[in-house]
Structures are given as structure tokens and as C-alpha cells.
Amino acid sequence: MTSTAAPLLESDAVVRKFAGMTAVDQVSINLRQGDLLGIIGPNGAGKTTLFNLLTGQLRPNSGHVRFRGEDITGLSVHQRVRLGLGRTFQVVRPLPDLSVLENTMMGAFLKHRRRSDAEDKAYQVLEEVGLAAVAKDRAGDLPLARRKRLEVARALATEPAVLLLDEVMAGLNPTEIGHAVDLFKDLHEKGMTLVLIEHNLKVVRTLSRHVVVLDHGAVLAEGTPTEVLQHPDVVRAYLGNRR
Ligand SMILES: Nc1ncnc2c1ncn2[C@@H]1O[C@H](COP(=O)(O)OP(=O)(O)OP(=O)(O)O)[C@@H](O)[C@H]1O
Ligand SMILES: [Mg+2]
């Protein structure tokens, strides 16, 4: 979706190097309220590193990150979560010994000091993602698809303005992927701005309006899913060795 509103989240020529290797190379992305951006690219292309730069897990060697027009390059993860940046991790990290509800409340405590308010918020989110029935179960006992859903719930409980999803469909079966796609469509229809790192191109086609392709840390192509997936450089760099 395009609009004339100010950008919600931007990276401006961000660069991140690891021991001389450039993992993210001058990447500029521009996300507006209500967008649903897909980020694709081969393994090691720099997708997760770009998320880490946006969310503050890492600082760029150069370049800037802006949120609602404000430079947030120097802000901590926590400060950015407070502003409204929610993310999931590629390796799911719910605390296994806590219940589904308690895990979700950990996100909700960000905006709700009182335990009962955090619990209400957590239940509301668990309803939304379809985990209310297992709220009292131990998180570590959930099957993978539900653990991934819990990861989304924890992020949603912080009441983000934008949700960054790092391969939340990986390891799921086709039925589970279908349910996850429905969940993200639903969140998007309710107004959530989403960025989706995803290897499953069918999912990218179904969900994204706009796609950025990273390769060797740099933007190789961007456009609609159809434009991007037909781009000869993308076919060579990405599709050629993945499908
Ligand atoms: N903390 C780190 N220290 C050193 N090198 C890193 C670090 N994080 C990432 N890298 C390297 O940076 C490059 C980009 O990694 P990144 O995890 O961003 O790729 P990705 O596109 O998310 O890949 P995948 O699809 O496998 O998840 C890789 O070469 C990776 O080994
Ligand atoms: Mg990654």
C-alpha cells in the first residue's frame, strides 16, 4: 500500500561489517504505515542483520535508522520497543518453563504496569493469535507451530506500530503455513505494518505488496512480488539455487 503519510520506519544507507566482511551494504528501505514488506534473499544475504540494525540489537558502522522521522540510530533495543518496534527472532525464544500466558505477559508489561492489566492484554493477544486455549500450558511443551505463534504473541503484546517477522514460517507444514498466512493477513487488515523475512516465495507472493531482495548485503532488486521474482538478477542469485 502506498500513501502520502510520513515514513514509519526507514533505514538510510546502513552498513554493518563483521571482521572486514560487509554483511549489510548501504541498505535503504522505507516503510509506511500499513505496508506489508517482504525481504528475501539467499542464506547469509544480510536479512537478519538488517533487522538487528532496525531494532537496535546491532549498531551500523554508518548510515541511519529513523522511526516516524526521528533518528533512532543511537537508541537501545528497549527504547525502540517502547517506541513501537516489535520483532520476532529466527530462533524462537519463549521461556520454556513459563506458561504461554506468562510469556505473553512479559511483552504486555512494557505498556501495562499492573499485573491484571498485563494479563488482560496478554489474553486479548492470545485470542487474536489463536492460543487462548493453551494459555496455561508450559511454553516448552508447545509444538513448533504454536511456539512460533507465541513468539508473535509476545511481540504483539508490546503493542507495536510495526512488527518485524524473521522466518516465522520456517519448519511449518503447509497447513500450519496457511494458518500463519491467515494470521498475518488478519493483522495487516486490522492496520498492522509488517516486515516479513521469508524464504517461502509462495508466502511472499501471497502476503507482500512490496519486496526487497538482498544479496551479499546489498539491495539487488525491489518492487512488486511479480516484478522482483521475474528480475533476471534475482532469478540468477536467488531462485537458481533455491528451487
Ligand atoms: N554477529 C555476527 N558476527 C559475525 N558475522 C555475522 C554475525 N551475524 C551475521 N554475520 C554474518 O553476516 C552475514 C549475514 O548474515 P545474516 O544472518 O544477516 O543473513 P541472513 O540473510 O539472515 O541469512 P539466513 O537466510 O541464513 O538467515 C553472514 O555471512 C553471517 O555469517
Ligand atoms: Mg536470517
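**A guided reading of the model**

Guide: Let us begin with one pair of residues: Pro7 has Arg32 of strand β2 as its bridge partner. Please keep in mind that the model is predicted.

Visitor: In which sense do strand β1 and strand β2 pair?
Guide: Strand β1 covers residues 7-18 and strand β2 covers residues 21-32. Eight bridges join the two strands. Their pairing is antiparallel.

Visitor: In the hairpin of β1 and β2, which residue takes a positive phi?
Guide: Two residues lie between the strands of this hairpin. One residue there has a positive phi near 45°, and that residue is Ala19.

Visitor: How many helices and strands does the secondary structure of the chain come to?
Guide: The chain has 243 residues, and buried residues make up 42% of them. Its secondary structure amounts to nine helices and 10 strands.

Visitor: Which radius of gyration would a compact globule with 243 residues have, and which does the chain have?
Guide: Along its principal axes, the C-alpha trace spans about 50 × 40 × 40 Å. For a compact globule of 243 residues, the radius of gyration would be near 18 Å. The chain agrees with this, because its own value is 18 Å.

Visitor: Over how many bridges do strand β3 and strand β9 pair?
Guide: Strand β3 comprises residues 36-40, and strand β9 comprises residues 210-215. Ile40 stands opposite Val213 in β9. The two strands pair in the parallel sense, and the number of bridges is four.

Visitor: Why is α1 described as largely enclosed by the rest of the structure?
Guide: A residue is buried if 20 or more other C-beta atoms lie within 10 Å of its own. In α1 the buried residues include Lys47, Phe51 and Thr55. The helix is largely enclosed because the buried residues number nine of the nine.

Visitor: Which residue just after α1 takes a positive phi?
Guide: The phi in question is about 95°. The residue is Gly56.

Visitor: Which helix gives the largest share of the shell around ligand 1?
Guide: There are 11 residues around ligand 1, and Ala23, Asn43, Lys47, Thr48 and Thr49 come nearest. By class, the shell has three nonpolar, seven polar and one charged residues. The largest share, three residues, belongs to helix α1 (residues 47-55).

Visitor: At roughly what angle do the axes of helix α3 and helix α5 cross?
Guide: Helix α3 is formed by residues 100-108 and helix α5 by residues 144-156, and their axes come within 6 Å. The contact involves residues including Val100 and Met106 of α3, together with Leu150 and Ala153 of α5. Five of the contact residues are nonpolar, three are polar and one is charged. The axes cross at roughly 35°.

Visitor: Is Met192 buried or partly exposed?
Guide: Met192 is found in the loop between α6 (174-189) and β8. Leaving aside its neighbours within four places in sequence, Met192 is in contact with Leu163 and Leu187. A buried residue needs 20 or more other C-beta atoms within 10 Å. Met192 has 18, so this residue is partly exposed.

Note on methods: Residues numbered from 1 in each chain as written. Chains lettered and ligands numbered in written order. Predicted model: local features only at pLDDT ≥ 70, side-chain atom pairs only at ≥ 80, totals over all residues. Axes fitted to C-alpha atoms, helices over the stretch in contact; angles between N-to-C directions. Contact = placed C-beta atoms within 7 Å. Nonpolar A, V, L, I, M, F, W, Y, C, P; charged D, E, K, R; others polar. Near = placed C-beta within 6 Å. Pairing = 2+ DSSP bridges. Buried ≥ 20, exposed ≤ 12 C-beta atoms within 10 Å, placed from the backbone. Rg over C-alpha atoms; globule rule 2.2 N^0.38 Å.
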